[in-house]
Amino acid sequence: MKSTRWVAVAAAVVLTAGLAACSSSDDSAGGNATVNWWTWDPVQAEAYQQCVPDFQAQNPGVEVKISQYSTDDYFTKLTAGFVGGNAPDGFMNSVQYFPSYVDQGQLEPLDDHVAKDGFDLKGITIGTDAWKGKDGKLYGLPMDWATSGIYYNKALLAKAGITEAQVQSMTFDPSDGGTAEKIAAHLTVDRNGVRGDAPGFDKEHVAVYGIGMLAANDFRGQTSWFPFAAATGWTMAEPESWPTQFQYSDPRFVSTMRWVTSMVAKGYSPKLGTFTVSDSEQLGSGKVAMTVGGSWEAATFAKLPGLKTGIAPSPLGKDGKTRGAFGNANGNVVWAKGKNKEATWKWIAYQESEACQTKAAAYNASFFPSNGKAMDALTASEQAKGVDLSVFTAMEKAGQIQLSKPFSNGTAVESTLKPLFESYFTSNAGDDFWTKVTDKTKETLAAQG
């Protein structure tokens, strides 16, 4: 499964001496303290380490220790820390998990800290609402954001006689696939060199798929089906924050899923499980002509050896106006029961600053800063390197990103829906399947912890 920046799988590593597992002496007066901060993302662990020296220089007596663990261990370790009373002082968190932590009383509300220090929330241009609890309190500061776009192989487009402008302005209508299907069909080539829209095309022996995997066992579909469903005007959650259901029985979603299965059946898109390598490797090997990929992969696609790639926004709906993509903003939180809450607040607030996020993003551009000025700086620096991020920033500024908002029972929702999505794409289930899935989301979202 492609990473969605909800989590990033990697081997465990500790960046500074000692195991960052427990809080240190009381720093209620803002004096000496050691702030232990955790993340699951090795990229951000190394990137934010670049901010530690400046922060410590500005806050004498406060030491920051950063630790990173793989997602296989990360949330299990957090839970064990909560139970044992030795959780990290602060940590990177996912929207998927924060509601449960709030219910357990594990997260510190940040409103008083924001007011006391005059922290400017307006400097954070995306994701703040995603970190508000049902009580209206702010429990996290968005520290990054991510979405998706359409990456394409320029050489394969040229060979097929398709212009970049055509891909940039692709449209989607589930009734006929819009120009997105027409382009994907023409880009598809079988082992005999016959294109997908030509007589004699052999869909059983495809050499180049017009578009990468659209079927997925991911209930969010960020780097697969979501941009196409969103082009119809469909929205996932109802209501947007703290939903009581996910709208999988909506006719617009159902017809989009039917179209996805038809693309697989026609041979224009690979079926679930066809590839075991990443989408960038698929594009790089010439096995797919275009693919839905994460914003965090922009630099990776741009650096594919011997290949020139482009980035297009999500397809437009049949009205020529509607466009959408799934987005996420991970949050920076303070452990409510820690002994270093004041110093930890100072650290996570500094992580949100233009200075820190600009430095961190420059170290590794695979994550986008939540600080607007830092994002502008990253966009400019990447443009100088030949990586154009304007597709993503334009969608963000146009309000076309459906940012993930909090919902209850995140772990149960994921474990319940993942096999259902896989079942749909592997068993040829009918349209009524999605009514059952929607009912299941109602049940799971409403379940008591």
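Visitor: In this predicted model, how many residues of strand β13 (residues 290-294) are buried?
Guide: The model is predicted, not experimental. Strand β13 is mostly covered. Met 290, Val 292 and Gly 294 point one way, Thr 291 and Gly 293 the other way, and all are buried. In general, side chains in a regular strand alternate between the two faces of the sheet. The count of buried residues in β13 is five of five.

Visitor: Which residue of β13 does Gly 149 stand opposite?
Guide: Strand β7 (residues 148-153) joins β13 through five bridges. The two strands run antiparallel. Opposite Gly 149 stands Gly 293.

Visitor: Which strands stand at the edges of the sheet?
Guide: Three strands form an open sheet with antiparallel pairing, in the order β13-β7-β14. Each edge strand has a single partner, so one side of each is left without a neighbour in the sheet. The edge strands are β13 and β14 (309-312).

Visitor: By how many degrees are neighbouring strands of this sheet turned against each other on average?
Guide: The sheet runs in the order β13-β7-β14. Direction is ignored for this angle. The average turn is 35 degrees.

Visitor: Which residue of β14 stands opposite Tyr 151?
Guide: β7 and β14 pair in the antiparallel sense. Four bridges join them. Opposite Tyr 151 stands Ile 311.

Visitor: Which helix packs on the sheet, touching β7 and β14?
Guide: The direction of this helix makes about 150 degrees with that of β7. The helix covers residues 390-397. Its name is α16.

Visitor: How far does helix α10 (residues 251-266) reach from its first C-alpha to its last?
Guide: α10 has 16 residues. At 1.5 Å a residue, 22 Å is expected. The model comes close to that, with a reach of 22 Å.

Visitor: Which residue's backbone nitrogen does a side-chain oxygen of Asp 250 reach at the start of α10?
Guide: The side-chain oxygen of Asp 250 comes to within 2.8 Å of that nitrogen. The nitrogen belongs to Arg 252.

Visitor: What covers the buried residues of α10?
Guide: Buried residues of α10 include Phe 253, Trp 259 and Met 263. Among the elements that cover the buried residues are β8 (171-172), α8 (178-187), α9 (226-231), α17 (410-427) and α18 (433-446).

Visitor: Is Asn 59 buried or exposed?
Guide: Asn 59 sits in the loop between α2 (52-58) and β3 (62-68). Its relative accessibility is 16%. Buried means under 20%. Therefore Asn 59 counts as buried.

Technical notes. Residues are numbered from 1 along each chain as its sequence is written. This is a predicted model: local features need pLDDT of at least 70, side-chain atom pairs count only at pLDDT 80 or more; totals for chains, interfaces and linings use all residues. Side-chain values use heavy atoms; hydrogens and water are left out. Buried means under 20% relative accessible area, exposed over 50%, partly exposed in between (1.4 Å probe, protein chains only). Two strands pair if DSSP finds at least two bridges between them. The expected span of a helix is 1.5 Å times one less than its number of residues. Contact means heavy atoms within 4.5 Å. A polar contact is a pair of N or O atoms within 3.5 Å; within protein, one must be able to donate a hydrogen and the other to accept it, and residues adjacent in sequence count only if both atoms are side-chain atoms. Axes are lines fitted to C-alpha atoms, for helices over the stretch in contact, and angles run from 0 to 180 degrees between N-to-C directions.
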